[in-house]
Amino acid sequence: MAKKVPPREVPDSDAKYMGLAWMHAGFSKDPNTQVGAQIVSPYNQPLGSGYNGPPRLVDDEAISWDRSTDDKKVTRYDIVVHAEVNAIDHSCGDLTESTLYVTALPCPNCMLEIIRKEIGRVVYFDFQGDENSSLRNAPWQEKTMNMAKLAKVKLEQFDGNINWIADWNERLRHLGIFEMSEH
């Protein structure tokens, strides 16, 4: 009788989708703060994803990516759409009671959009960025949490493990996938 081989171990749903949110964050061109988001239905089906960046019609090179607050020039603060809103805008289907995974706590404006779309759960990574990130010590954090409470949106800090990303990259490296893409 043949020995039964167990399936390969994979991350749980929260770790999987938080890892995907981090992968989406890698597409952001913001030099200081990269945020990614993934929306999943109550039936564990991916519905949409996004990252922080300007709308498609805006040339990335045409805006200032510095921390300027000059009222006369267009900066990233004026034009960048947050990851959560991009994920909502790029989702298919009803978002009611879905879960949004995001690599940082949503700001109040994003939380309002989450509430409007009746997303039932938000899992966020406690990421505050580098010393130049607008996420660091943000005065709006408590407001976001209070808004979630008012709307009964479950707001949960991610406490899982996303080391599967490093493990998978090591497996791909071992298989020679990265060398194949250089040709």
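**Reading the features**

Author: The second largest pocket is lined by Arg 8, Glu 9, Val 10, Pro 11, Asp 12, Lys 16, Leu 20, Met 23, Trp 164, Asp 167, Trp 168 and Arg 171. The elements giving two or more residues to this lining are H1 and H6, where helices (H or I, at least four residues) and strands (E, at least two) are DSSP runs numbered from the N terminus. This is a predicted model, in which local features need pLDDT of at least 70 and side-chain atom pairs count only at pLDDT 80 or more, while totals for chains, interfaces and linings use all residues. Residues are numbered from 1 along each chain as its sequence is written, and side-chain values use heavy atoms, with hydrogens and water left out.

Reader: How is a pocket defined, and which element gives the largest share of the lining of the second largest pocket?

Author: Rolling a probe the size of a water molecule over the atoms shows where empty space is left. On a 1 Å grid over the protein atoms alone, a pocket is an open set of points where a 1.4 Å probe fits, with protein on both sides within 12 Å along at least five of seven lines; lining residues have an atom within 4 Å of a point. Here H6 contributes the largest share of the lining of the second largest pocket, 4 residues. The volume of this pocket is about 290 Å³, a volume being the space filled by probe spheres set on the points, which are joined across faces, edges and corners.

Reader: How many salt bridges are there, and which residue pairs with Asp 30?

Author: Side chains of opposite charge can pair when their charged atoms come close. The rule asks for a side-chain nitrogen of Lys or Arg within 4 Å of a carboxyl oxygen of Asp or Glu, and the count comes to 6 salt bridges. Asp 30 pairs with Arg 76, with the closest N and O atoms 2.7 Å apart. This pair links distant parts of the chain, 46 residues apart: Asp 30 is in the loop between H1 and S1, and Arg 76 is in helix H2. Asp 30 is buried at 8% relative accessibility, and Arg 76 is buried at 4%; buried means under 20% relative accessible area, exposed over 50%, and partly exposed in between (1.4 Å probe, protein chains only).

Reader: Where in the chain are the partners of the salt bridge between Lys 29 and Asp 60?

Author: The side chains of Lys 29 and Asp 60 meet at 2.6 Å, N to O. The two residues are 31 apart, with Lys 29 in the loop between helix H1 (13–25) and strand S1 (36–40) and Asp 60 in the loop between strand S2 (46–51) and helix H2 (76–79). Lys 29 is exposed, at 55% relative accessibility.

Reader: In which sense do S1 and S2 pair, and what is the phi of Asn 44?

Author: Two strands pair if DSSP finds at least two bridges between them. S1 and S2 pair in the antiparallel sense over 5 bridges, and Ile 39 stands opposite Gly 48 in S2. As for phi, most residues other than glycine have a negative value. Asn 44 has a positive phi near 70° and lies in the loop between S1 and S2. At 37% relative accessibility, Asn 44 is partly exposed.
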